[in-house]
Amino acid sequence: MPADELDTLFAPHRLHIPPVVAIATEEFESFVEDAGLSRCIDIHDDDEIRALFLAAPMRPALLNALAEYLAEHHRPLAVRSSSLHEDAFYQPLAGLFSTYVLPNTHPDPAVRLRQLANAVKLVYASTYYDRPKRTLSRLALSPESELMAIVLQELVGEEHDGLFYPHATGVVQSLNFFPVGAMTPEDGIANM
């Protein structure tokens, strides 16, 4: 549905879908390979995994792209996981991996960049945390085959007394597993 039709569909309320940027799974694969982090598949201490990922250097090209993104976006951000299995048809694993919300308000762009880079690394790290590895193994899925993309999204909301309040939250799936009426699975679904 075109964005301009959303305004009429929910009138008098405006439904604003913020711009979304995705960091492809190739970045995850490069990051893990360059830093030798695939060994985390055998580590069962989430704190140790977290520390290894935070200490690993990020490719300069990705850091530059994140800096460019931050130069244009000054609202609070969600740094969300988008893994191979989160939207699987038979066994969706939405919510299994980490999401981080950043205030994105620090006056120093270098601090904002470091916060965003660390959030990306921590979403990547959540791929190797013990609970996701156990869940994937229990479902006869290979934890080693999991690929992680990242979705960067501005939050929609307002500030009140120095605190930011989102207008709505939710989960979107590209497949609707329980279509009703004229809906089809390919229509997708949003739970808000």
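Helices (H or I, at least four residues) and strands (E, at least two) are DSSP runs, numbered from the N terminus. Residues are numbered from 1 along each chain as its sequence is written. This is a predicted model, in which local features need pLDDT of at least 70, side-chain atom pairs count only at pLDDT 80 or more, and totals for chains, interfaces and linings use all residues, while side-chain values use heavy atoms, with hydrogens and water left out.

Start with the whole protein chain in cartoon view. Six helices and eight strands are present, in the order α-β-α-α-α-β-β-α-α-β-β-β-β-β along the sequence.

Next, show the surface. The protein chain exposes about 11,400 Å² (Shrake-Rupley method, 1.4 Å probe), and carbon and sulfur atoms supply 57% of that area. Of the 192 residues, 36% count as buried, meaning under 20% relative accessible area (1.4 Å probe, protein chains only).

Now select residues 60-72, helix H4, and residues 109-126, helix H5. Their axes (lines fitted to C-alpha atoms over the stretch in contact, with angles from 0 to 180 degrees between N-to-C directions) come within 10 Å and cross at roughly 120 degrees. H4 is therefore oblique to H5, the class left after under 35 degrees (roughly parallel), over 145 (roughly antiparallel) and 65 to 115 (roughly perpendicular).

Finally, show side chains at this crossing. On H4, pick Leu-63, Leu-66, Ala-67, Tyr-69 and Leu-70; they meet Arg-112, Leu-113, Leu-116 and Ala-117 of H5, where contact means heavy atoms within 4.5 Å. The residues of this contact divide into eight nonpolar, no polar and one charged.

Methods: Nonpolar A, V, L, I, M, F, W, Y, C, P; charged D, E, K, R; others polar. Buried < 20%, exposed > 50% of the residue type's maximum accessible area, 1.4 Å probe, protein only.
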